[in-house]
Amino acid sequence: MKSDYQPPSGGVVTAALGRPLTSGIATARPAVLTRQPRIAVLAQQAAQGQPGAWYLWKCTGEGVADALYRPPVWIADGHQPGAAMLPSPAELAQLARKQLRLAAPTIATSPSGDQLVHLPTWLWLSTGWAPISATASVPGVSVTAVATPTAVTWSMGDGSTVSCTGPGTPFRASLDPTSGSPDCGHTYRRSSARQPGQTFPASATVHWTVTWSGAGQGGTFPDMTTTGNAAFRVAESQALNNGSG
């Protein structure tokens with residue numbers, strides 16, 4: 001976008017104002033910021049009389065605020081910006097990462113309503129487990145960030161934690177309800193009758209790895225997480241309790 005920027009005269013611009021502060025040891029003076037060499041070269045080009053304007057690069061997207069600082073550039077009328085003036089692939093990767101929209105996972109269980117003491121609970125995610133990508137582009141350069149789910153940490157509310165490497169296996173009506181899940185489940189050993197609301201607060205936290213690639217480059221970002229919440233009422237079953245001793 002066009003900018004009203006004008007290069008500072010004399011090669012410096014005051015960054016802080018105030019009287020010098022004198023102590024018994026040293027004197028603090030106002031800070032100055034030296035004009036960047038690239039801006040100085042562009043300012044010389046602008047002063048040669050060729051029509052043009054100063055521009056600031058701002059990358060925009062739905063729900064995205066571009067916080068990356070880029071110095072102003074001067075572009076002659078009718079010219080395209082050079083590659084050196086464009087945001088770097090790493091800068092575009094930052095913007096692409098901000099555009100990732102990771103939905104909270106949806107928790108599913110079997111039994112689907114109240115859980116029973118000593119009866120295996122199957123755990124899985126009905127939504128929230130699929131790679132998500134976002135792309136940021138400028139002329140000639142496109143960078144894509146990809147978030148990939150890698151694991152789920154379940155907090156069961158009774159002090160137990162369950163770690164699963166996938167979304168879990170949905171229970172099918174043809175399966176034995178007393179059998180445990182093959183990859184993601186939990187068995188409660190006490191009821192939730194004495195808990196607030198008579199339920200155990202449970203949650204499922206999905207862990208995502210985030211990578212980016214584009215313009216022959218690539219890298220990784222710190223992992224991201226999303227969390228879904230549920231409340232499980234766990235009831236006693238006299239028949240099951242008697243059978244288990």
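Q: What does the side chain of Gln 115 make a polar contact with?
A: The side chain of Thr 121, at 2.8 Å. A polar contact is a pair of N or O atoms within 3.5 Å; within protein, one must be able to donate a hydrogen and the other to accept it, and residues adjacent in sequence count only if both atoms are side-chain atoms. This is a predicted model, where local features need pLDDT of at least 70, side-chain atom pairs count only at pLDDT 80 or more, and totals for chains, interfaces and linings use all residues. Residues are numbered from 1 along each chain as its sequence is written, and side-chain values use heavy atoms, leaving out hydrogens and water.

Q: Which backbone oxygen does that Gln 115 side chain reach?
A: That of Gly 113, at 2.8 Å.

Q: Is Gln 115 buried or exposed?
A: Gln 115 counts as buried because its relative accessibility is 0%; buried means under 20% relative accessible area, exposed over 50%, partly exposed in between (1.4 Å probe, protein chains only).

Q: What does Gln 115 touch?
A: Leaving out residues up to four places away in sequence, its contacts (heavy atoms within 4.5 Å) include Tyr 188 and Phe 232.

Q: New topic: what does Met 156 contact?
A: Beyond its neighbours within four places in sequence, Met 156 contacts residues including Leu 123, Tyr 188 and Phe 232.

Q: Which residues touch the most other members in the largest nonpolar core?
A: Leu 100, Trp 154 and Met 156, out of 36 residues. Such a core is a set of buried Ala, Val, Leu, Ile, Met, Phe, Trp, Tyr and Cys residues joined through side-chain atoms within 4.5 Å.
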